[in-house]
Amino acid sequence: MISERRGPRFAWLEVTGLCNEFCDHCYADSSPRGTHGTMTVAAWTNVIDQLSEMGTLDVQFIGGEPTLYPDLPELIRHARGAGLSVEVFSNMSHVRDELWETFTECGVRLATSYYSDDAADHDAVTKLRGSHKRTRQNVQKALSLGIPLRAGVVAVREGQRVQEAASDLSGLGIGTVGGDRTRAFGRAGRGAAPAIGDLCGHCAHEKCAIGPTGDVWPCVLGRFLTVGNVLESRLSEIWGGQRMAAVVADIAAVHGQGAQTCTPPQFLPMCGPCGPCVPSVGHCDPKEAGGVATIEPPA
């Protein structure tokens with residue numbers, strides 16, 4: 001039986017598991033050994049059309065490193081043609097000229113992660129020599145082109161210059177700088193089983209994520225909670241299906257009916273630390289006193 005609840009207003013489209021960096025804290029376990037999965041361009045455009053039909057407002061292309069996906073410009077243009085707002089979450093270390101043209105022509109927003117104002121410190125996290133220099137240069141280029149850009153600092157290593165990183169980003173002219181702690185998913189879990197308790201609680205609330213093999217998740221961090229596959233079923237059937245209902249109930253059993261935490265969201269567009277949520281989410285319920293988010297190193 002299909003649920004009557006409103007369709008997703010926001011969707012992460014994880015177009016690839018390939019990444020040029022190899023961060024220890026990667027929730028998606030992406031790396032240079034990753035692949036683009038089994039979703040074809042036709043399959044992705046079909047999903048985008050389904051999202052548009054379901055009333056989705058925003059999509060975010062993510063990875064892996066989405067700029068390494070060769071057909072990203074085509075998918076961006078298709079999403080914009082379908083009436084969707086687009087953000088690309090990139091490490092900003094590999095942006096080819098064609099993508100800059102697509103970003104500017106299609107009104108794309110960008111988001112990135114940054115780990116330190118010190119190049120060696122940043123590169124130690126990404127395990128890619130020169131990544132800090134290239135990311136910083138491309139951040140400056142995006143700003144010079146007038147492309148909206150937000151950034152987040154994830155506290156990963158003891159002694160990491162997280163506050164200095166945030167200050168450096170603000171100094172470059174980025175207006176929205178958030179932060180987050182490392183979450184125990186993917187490589188960051190260090191072999192531990194993922195847990196619903198480490199999610200923020202907003203999962204599946206008017207949002208979903210679709211991976212490079214077509215799997216559908218309640219969010220990009222909740223990839224251990226697969227609710228269906230778009231190569232086998234229509235997204236509307238998955239969204240309103242029994243498996244999704246069961247996952248929503250499991251999340252509510254841990255976090256309550258309303259999300260009880262909202263750490264600075266690395267993965268939602270137009271959000272600052274405890275700032276207004278993206279319109280398609282429409283709410284924010286931080287536990288932090290006064291709604292003030294902080295950037296702290298891992299214990």
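Two strands pair if DSSP finds at least two bridges between them. Keep that in mind for this predicted model. In it, Thr-112 stands opposite Ala-151 in strand β5.

In β5, Leu-149, Ala-151, Val-153 and Ala-155 lie on one side. Arg-150, Gly-152 and Val-154 lie on the other. Both faces are covered, and these residues are all buried. Seven of the seven residues of β5 (residues 149-155) are buried, so the strand is largely enclosed by the rest of the structure.

Now step back to the whole chain. It holds eight helices and nine strands. Of its 299 residues, 56% are buried. Its accessible surface comes to about 12300 Å², and 51% of that belongs to carbon and sulfur atoms. Contacts reach along the sequence, too. Take those between residues at least 6 apart in sequence: 70% of them join residues at least 24 apart.

Next comes strand β7 (residues 207-210). Lys-207 and Ala-209 point one way from β7. Cys-208 and Ile-210 point the other way, and all are buried. β7 has strand partners. Strand β1 (residues 10-14) pairs with β7 in the parallel sense, over four bridges. There, Ala-11 stands opposite Cys-208. Strand β8 (residues 215-217) runs antiparallel to β7, and two bridges join them. Trp-217 in β8 is the bridge partner of Ala-209. β7 and β8 form a hairpin with four residues between them. In the turn, Gly-214 has a positive phi of about 95°.

Turn to the helices. Helix α1 has 13 residues, and at 1.5 Å a residue they should span 18 Å. The end C-alpha atoms of α1 are 18 Å apart, which agrees. The buried residues of α1 are Val-41, Ala-43, Trp-44, Thr-45, Val-47, Ile-48, Gln-50 and Leu-51. They pack against β1, β2, α2, β7 and α7 (235-239). Just after α1 comes Gly-55, with a positive phi of about 95°.

Helix α2 (residues 72-81) has buried residues as well: Leu-72, Pro-73, Leu-75, Ile-76 and Ala-79. These residues are on the same side of α2, because they cover an arc of only 165° around the axis. What do the buried residues of α2 pack against? Their neighbours are α1 (41-53), β2 (58-62), β3 (85-89) and α3 (97-106). After α2 comes Gly-83, whose phi is positive, near 90°.

The loops deserve a look too. Leu-18 sits in the loop between β1 and α1. Asp-29 is eleven residues away along the chain, and the C-alpha atoms of Leu-18 and Asp-29 are separated by 9.5 Å. Leaving out residues up to four places away in sequence, Leu-18 touches Ser-31, Pro-32, Gly-34, Thr-35, His-36, Gly-64, Glu-65 and Leu-68. One of these contacts, Gly-64, lies in the loop between β2 and α2. The peptide bond from Gly-63 to Gly-64 is cis, with omega near 25°.

Two other loop residues have a positive phi without being glycines. Met-92, in the loop between β3 and α3, has a phi of about 60°. Lys-127 is in the loop between α4 (119-126) and α5 (131-144), and its phi is about 55°. Are they buried or exposed? Met-92 counts as buried, because its relative accessibility is 0%. Lys-127 counts as partly exposed, at 43% relative accessibility.

Finish with the cysteines. A disulfide is a covalent bond between the sulfur atoms of two cysteines. How many disulfides does a search of the whole structure find? It finds zero. The cut-off is a pair of cysteine sulfur atoms within 2.5 Å. Cys-219 counts as buried at 7% relative accessibility, and Cys-23 counts as buried at 9%.

Definitions and conventions:
Residues numbered from 1 in each chain as written. Predicted model: local features only at pLDDT ≥ 70, side-chain atom pairs only at ≥ 80, totals over all residues. Heavy atoms only, no water. Buried < 20%, exposed > 50% of the residue type's maximum accessible area, 1.4 Å probe, protein only. Arc of directions from axis to C-beta. Contact = heavy atoms within 4.5 Å. Expected span 1.5 Å × (residues − 1). Areas by Shrake-Rupley, 256 points an atom, 1.4 Å probe, with all protein chains shown as cover.
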